[in-house]
Amino acid sequence: MIDYRRKVLSNGLTVLAHRDKATRMAATNIIYKVGSRDEEPDRTGFAHLFEHLMFAGSRNAPSFDDPIQMAAGENNAFTNNDYTDFYITLPQDNIDIALWLEADRMCGLNINEDSLEVQKKVVVEEFNERYLNRPYGNLWLRLRPFVYKVHPYGHSTIGLSPDHVKNATLEEVHAFYDRYYAPDNAIISIAGNYDYEQMFDMVESRFGQITKKSGEKRILPQEPPQTAPQTLTIEADVPASMVYVIFHMGGRTSDDFVVCDTISDLLSCGNSSRLYQSMVKHKGLFTSVDAYITGDIDPGLFIAGGYVSPDVDPQKARRALMDELEKMCTQRVDAYELTKVQNKFESNILFGEVNIMDKAMNLCFYEMLGDISLVNGELDRYRAVTPDDIIETSRRIFAENNTSTFYYLKK
Amino acid sequence: MKYKPLDCPPSVNIPSSVDVIGFTTHHTPAGATVHCIKSSELDLVRISVVFRAGSRYQHHPFTASATVGMLAEGTASHTSEELSEMLDYYGIYYNTSIDRDYSIITLCCLNKFLDKTLDFLTEILSEPLFSEKELAVYASKRKQNLTVERTRVDVMATELFWKSIYGENHPYGKSSPETAYDTLTTDHLKRFFADHYNIENSFTVVSGNIEPGFVDRISAAIDTLPHGQKADCPIDKPCSVSYAKIDKPDALQSSLRMGRVLFDANHPDYVTMQVAVALLGGYFGSRLVRNLREDKGYTYGIVARTGCFEESGYLVIATQVSSQHTRASIDEIFSEIEQLRTYPVPDSELDMVKSVMIGEMMRVLDGPFGICDVSIENIQNNTDNLRIEQIVNTIKQTTPDDIMRVARQYLNRDDITVVIAG
């Protein structure tokens with residue numbers, strides 16, 4: 001349970017505050033509502049490259065990192081398909097350092113050719129390290145365009161290829177900043193041991209002077225329903241074969257999300273779950289297996305699969321996996337098993353709200369989804385899922401025409 | 001609303017101290033030690049049981065990790081599946097970890113499920129089965145994981161680094177082929193469990209919202225362990241080589257490790273050396289990050305850190321660089337080390353590092369679980385949480401001369417091993 005207050009400034013910046021009386025630390029988190037789904041098709045990877053440039057210093061803070069480090073703080077950022085997130089934790093006496101730095105780079109980012117050139121190289125090395133020079137590193141680079149033919153979720157946050165990043169120009173960087181980095185396209189949260197009024201005043205005193213931009217909203221092309229099953233097979237020099245089955249499902253705020261997440265937990269949350277017990281322990285078809293949902297804002301994916309055991313035919317492993325999903329469509333889950341995954345969800349919520357950074361991040365995330373009350377309401381939604389919901393949703397999601405199979409085979 | 005102009009930066013408050021929460025120590029009726037750290041923010045309890053049962057004590061490869069890894073894979077009363085069911089139904093977090101010196105069992109639960117959690121703990125400590133069938137599943141899973149892991153250049157470089165600074169037969173340097181899983185037997189595990197999982201060879205740390213009566217109930221679970229001997233075996237001197245390489249001709253990047261054997265955490269220069277290494281590569285504004293990432297763009301990341309085992313310690317510099325810049329990167333790293341040895345560090349830079357290090361400690365200590373991890377480390381190093389204050393004081397008192405002294409003493413080029421994979 002996270003206690004919070006919400007306020008929208010006149011320039012459109014949404015502010016969320018959380019008071020934590022047990023800490024001497026403070027946290028800020030900012031979400032800009034721009035991710036890799038907003039990129040041009042020939043400039044994939046741009047949102048993430050831009051995240052790197054946000055650390056290049058700003059009008060009144062030539063270095064972003066130095067003041068934070070002097071203030072005993074720590075900061076980082078990440079970009080995903082839907083949004084870009086910047087976070088800072090520091091001792092509570094230094095909270096204004098964080099607010100000042102974030103406000104200054106929201107309106108006066110220092111963009112220049114030198115930092116662009118260096119960050120392009122850094123991002124290309126990140127591309128190499130995490131995606132190309134690692135076994136299975138390109139799995140998502142191949143999987144995404146296979147299942148998304150129209151929606152920009154078809155490319156990964158890192159981009160389609162290092163060349164897209166290498167070709168980015170300074171003009172494009174300026175245009176991107178002008179369009180997306182504005183108070184009315186952002187959400188900030190602040191957490192620490194302060195009065196609520198004090199927190200709103202501190203934020204407004206730094207951010208209130210920034211003018212809004214009201215950039216046009218981009219209408220994203222939506223993925224049409226899949227009409228036939230499809231299969232992609234690739235071979236690579238890897239030590240073990242993998243097989244995945246993938247299904248389109250609803251978006252983050254749809255009922256699908258909660259039901260599909262419950263189904264994925266029944267299948268693979270904990271060692272007592274169905275897939276681990278049947279696929280790994282009893283049949284020995286997989287050495288590790290997982291089922292999960294991507295959790296994107298727009299309609300996302302349900303994915304099940306893993307590493308196939310040596311000497312097992314990947315097609316046989318796939319059939320066994322599909323049999324487990326078939327059971328979800330035909331056999332009612334009993335109350336005990338459903339309570340188990342709901343209990344586990346309750347623990348996970350509590351474990352996930354231990355420190356102030358987690359809480360600050362959660363607040364921004366649910367505000368971005370458009371319903372901040374969900375930050376404390378997810379457990380009720382999960383507890384409300386019934387066995388009938390599971391059968392109905394499984395039948396629709398695991399339908400043959402909604403099935404994609406991805407074989408990533410050992411050469 | 002009166003705005004604060006953005007061209008007017010706030011002043012910085014450098015924290016002068018770190019809040020240290022100590023632990024209280026209890027002795028159970030059977031003589032086991034239970035250390036408690038109470039905090040009441042959340043209705044959660046975490047229990048960690050630590051054994052001197054790390055891989056240095058094993059006679060056959062993978063025995064130590066398999067023993068702790070299989071504790072919950074079947075007991076005299078319940079099958080592995082039933083135990084998993086118990087954990088999952090009550091939402092109990094269960095994890096085991098292993099390093100060269102210690103194994104740790106950690107459980108975390110909602111207060112209302114403490115009794116169920118202790119039933120589980122009692123069972124896995126007193127009657128684990130280590131059956132043939134479960135070992136076969138475990139071994140094939142682990143063997144494949146390891147095979148996959150070892151195709152990564154960073155994993156190759158890490159293993160090669162330990163081997164190169166300690167020696168391939170040294171307990172801190174050794175790594176074994178995946179095929180050693182084929183000859184691992186349940187007898188290895190049963191013997192290892194009997195020799196090392198006992199009251200005298202363990203301690204327990206409990207943190208969270210510890211309600212009245214909890215300590216007695218937790219003690220009763222720990223006391224189901226048998227009595228035995230504290231593990232003790234002398235460790236050989238390290239035997240290092242200066243250079244090692246694994247070729248991977250098609251690799252886009254090389255993984256680099258550079259470093260040396262140093263000393264354990266109780267050495268008088270341990271903290272000063274930590275400060276020197278932090279300056280070199282311990283934070284985002286460090287010299288190595290500025291040079292290799294922010295200036296040259298050779299890498300996505302580089303880090304230098306010190307660490308320790310129970311009877312040794314080390315320096316490691318780790319990065320993954322584009323293959324055509326491997327040589328240049330090594331030269332730059334040596335040149336940054338040379339700078340540290342030759343010129344006094346500017347006060348402003350040293351102040352920043354001190355703030356970063358103290359801030360890091362404040363973050364780790366903010367919350368009951370972080371304090372638990374720090375306490376475990378301190379107990380392993382034969383000290384208590386007052387050690388944290390000493391560390392903070394040493395950091396604050398470090399001078400540019402101290403940095404130059406330790407850099408000259410411990411960072412001789414000839415003493416530094418270079419390892420490359422890729």
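Guide: The model is predicted, so local features need pLDDT of at least 70 and side-chain atom pairs count only at pLDDT 80 or more, while totals for chains, interfaces and linings use all residues. Residues are numbered from 1 along each chain as its sequence is written, chains are lettered from A and ligands numbered from 1 in the order in which they are written, and side-chain values use heavy atoms, with hydrogens and water left out.

Visitor: Where does A:His18 lie in chain A?

Guide: Helices (H or I, at least four residues) and strands (E, at least two) are DSSP runs, numbered from the N terminus. A:His18 belongs to strand 2 of chain A, residues 14-19.

Visitor: Is A:His18 buried or exposed?

Guide: Buried means under 20% relative accessible area, exposed over 50%, and partly exposed in between, with a 1.4 Å probe and protein chains only. A:His18 has 4% relative accessibility, so it counts as buried.

Visitor: With which side chain does the side chain of A:His18 make a polar contact?

Guide: A polar contact is a pair of N or O atoms within 3.5 Å; within protein, one must be able to donate a hydrogen and the other to accept it, and residues adjacent in sequence count only if both atoms are side-chain atoms. Here the partner is the side chain of A:Lys359, at 3.4 Å. Contact in general means heavy atoms within 4.5 Å. Not counting residues up to four places away in sequence, A:His18 touches several residues, including A:Ile2, A:Tyr196 and A:Leu363.

Visitor: How many disulfides are there over all chains?

Guide: A disulfide is a covalent bond between the sulfur atoms of two cysteines. The rule asks for a pair of cysteine sulfur atoms within 2.5 Å, and the count over all chains is 0.

Visitor: What is the nearest side chain of opposite charge to B:Arg100?

Guide: Lys and Arg count as positive, Asp and Glu as negative; His and the chain ends are not counted. A salt bridge is a side-chain nitrogen of Lys or Arg within 4 Å of a carboxyl oxygen of Asp or Glu. B:Arg100 is buried but has no salt bridge, and B:Glu159 is the nearest such side chain, 7.3 Å away. A polar atom of the B:Arg100 side chain does lie 3.2 Å from the backbone oxygen of B:Pro171.
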